[in-house]
Amino acid sequence: MSASSISVAIIGAGPAGFYAADALIRKNVECEIDIIDYLPTPYGLIRAGVAPDHQTTKKISRSFEKTALNEKCRFFGNIKVGKDISVSKLNEFYDVIILAVGANSDRPLGIPGEDKKGIIGSATFVSWYNAHPDFVDLKPDLDTKNVVIVGNGNVAIDVARVLVKTRKEMVSSDLPDYASEAIENSKISDVFMIGRRGPVEAKFTNVELREMGELENAVSLVDLKIIPEKIEGNWSDRDIRLKEKNLETLRQFTKNTNKSAPKRVHFEFWSKPTKILGNSSVEGIQMEKTVLKDGKVIGTGEFYEIECGLIIPAIGYRSLPIEALPFNYEEDVVLNNNGRVSDGIYAVGWIKRGPSGVISTNRPDGVLVADHIIEDFSKGGLKKGRSSFEDYLKEQNITFINFDNWKKIENAEVSAATPPTPRKKLYRIDKMLEVGMG
Ligand code: NAP
């Protein structure tokens with residue numbers, strides 16, 4: 001390593017981590033970058049978050065692969081920062097640490113009865129149907145006619161769609177067989193997608209909403225009375241255009257009837273959950289009608305109940321604190337000043353700014369942090385040398401996966417699938433290590 005080269009550890013091989021590596025490379029920063037991930041597989045939410053039937057979105061991983069193959073980069077998979085090695089220990093090996101760990105946990109609803117069996121947050125449920133090794137044994141009980149999804153974002157739509165699509169509709173997806181069978185054999189006939197605000201305020205985007213009108217076996221239903229004729233409020237022209245599209249799509253859904261298909265997705269608005277009903281397991285949910293006052297959601301005192309055996313809150317993800325690093329508990333992000341956390345430690349993506357935006361929203365975070373690094377290291381300075389990290393892992397007998405190992409895993413996954421199915425994901429860590437390192 002040259003004396004002026006900066007050694008960089010990026011913790012998290014998801015989009016935010018790869019965009020940060022890409023920015024450093026594009027800016028010709030003299031550096032050596034190690035991208036470290038908890039799993040033996042790279043790409044974070046591209047693999048474990050993006051819906052299995054949204055394969056076009058997943059193609060961005062090809063561009064991340066180019067970054068990984070750049071001579072400045074190395075991949076270290078299967079390293080659990082916080083367990084195998086602490087951030088402070090990593091700090092001994094690198095000049096720079098970039099936190100790109102995302103937001104992988106569920107936010108609680110904060111209402112009575114939330115400890116019952118049958119409430120599964122969207123972060124957990126999505127990880128299950130995306131074959132994340134930590135969640136493949138979840139075995140959600142789908143022996144229920146009604147499912148309630150709380151929230152009106154794109155994750156809520158993803159979950160609803162995956163639950164009602166047929167096996168045939170999922171043939172070009174990488175939905176694992178165990179999830180496909182569980183969904184196909186389930187009793188689910190009615191999915192309720194419930195927003196605490198109205199159709200104008202819903203966060204889902206139009207492409208995703210329109211997909212709910214193109215399902216083979218399921219129909220989307222909405223009450224015409226709930227759709228305003230005009231968009232009120234302080235929105236930009238762009239927002240109004242996008243919201244008009246959603247309203248138009250919802251108006252199309254109002255033409256469907258209960259009998260149009262064997263399964264139904266009910267779009268309901270202006271209702272917030274107030275209590276989970278049942279004994280040890282979920283038997284239903286109590287909702288309260290809402291209105292907006294000064295932009296805030298207010299309960300009207302009018303309650304109703306929906307019988308259901310499964311509730312999936314899709315109300316946003318949250319990050320957890322990382323060791324002793326300062327944390328903003330209000331916003332669930334690491335305390336940072338525009339990406340700077342402390343000397344030599346930076347943050348990008350959802351751990352920096354919270355869980356919102358699409359994949360490319362992470363790109364500017366990487367550019368910003370690359371600029372900070374250039375500025376902070378413009379005078380040269382302490383260089384520790386990353387090679388010692390690999391030695392340390394070997395000394396400690398910590399098994400890690402490099403990018404060549406990952407490509408073997410990927411090739412095995414692709415070879416196991418019959419087109420148009422893109423891959424059959426491996427999801428047991430020991431099997432991944434056997435295939436990758438064999
Ligand atoms: P999101 O877009 O922030 O939506 C969260 C939803 O949960 C909102 O409707 C929110 O309502 C509601 N909510 C929050 N707290 C609640 C509570 N206590 N009770 C009831 N409802 C509550 O989050 P997301 O769906 O998890 O998506 C995260 C990001 O990933 C978004 O930027 C999304 O667009 C992106 N994403 C994109 C795609 C895609 O492009 N296909 C797919 C998946 C995710 P309020 O509006 O009232 O807060």
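Author: A polar contact is a pair of N or O atoms within 3.5 Å; within protein, one atom must be able to donate a hydrogen and the other to accept it, and residues adjacent in sequence count only if both atoms are side-chain atoms. The model is predicted, with local features needing pLDDT of at least 70 and side-chain atom pairs counting only at pLDDT 80 or more, while totals for chains, interfaces and linings use all residues. Residues are numbered from 1 along each chain as its sequence is written, and side-chain values use heavy atoms, with hydrogens and water left out.

Asn152 places a backbone N or O atom 2.9 Å from an oxygen atom of the ligand. The ligand taken alone exposes 920 Å², of which the protein buries 81% (areas by the Shrake-Rupley method with a 1.4 Å probe).

The shell around the ligand has 20 residues, each with a heavy atom within 4 Å of the ligand. Asn152, Arg196, Arg197, Glu208 and Gly357 come nearest. By type, the shell divides into 7 nonpolar, 7 polar and 6 charged residues; nonpolar means Ala, Val, Leu, Ile, Met, Phe, Trp, Tyr, Cys and Pro, charged means Asp, Glu, Lys and Arg, and the others, Gly among them, are polar. Helix 7, residues 154–164, supplies the largest share of the shell, 3 residues (a helix is a DSSP run of H or I, at least four residues, numbered from the N terminus).

Note on methods: Helices (H or I, at least four residues) and strands (E, at least two) are DSSP runs, numbered from the N terminus.
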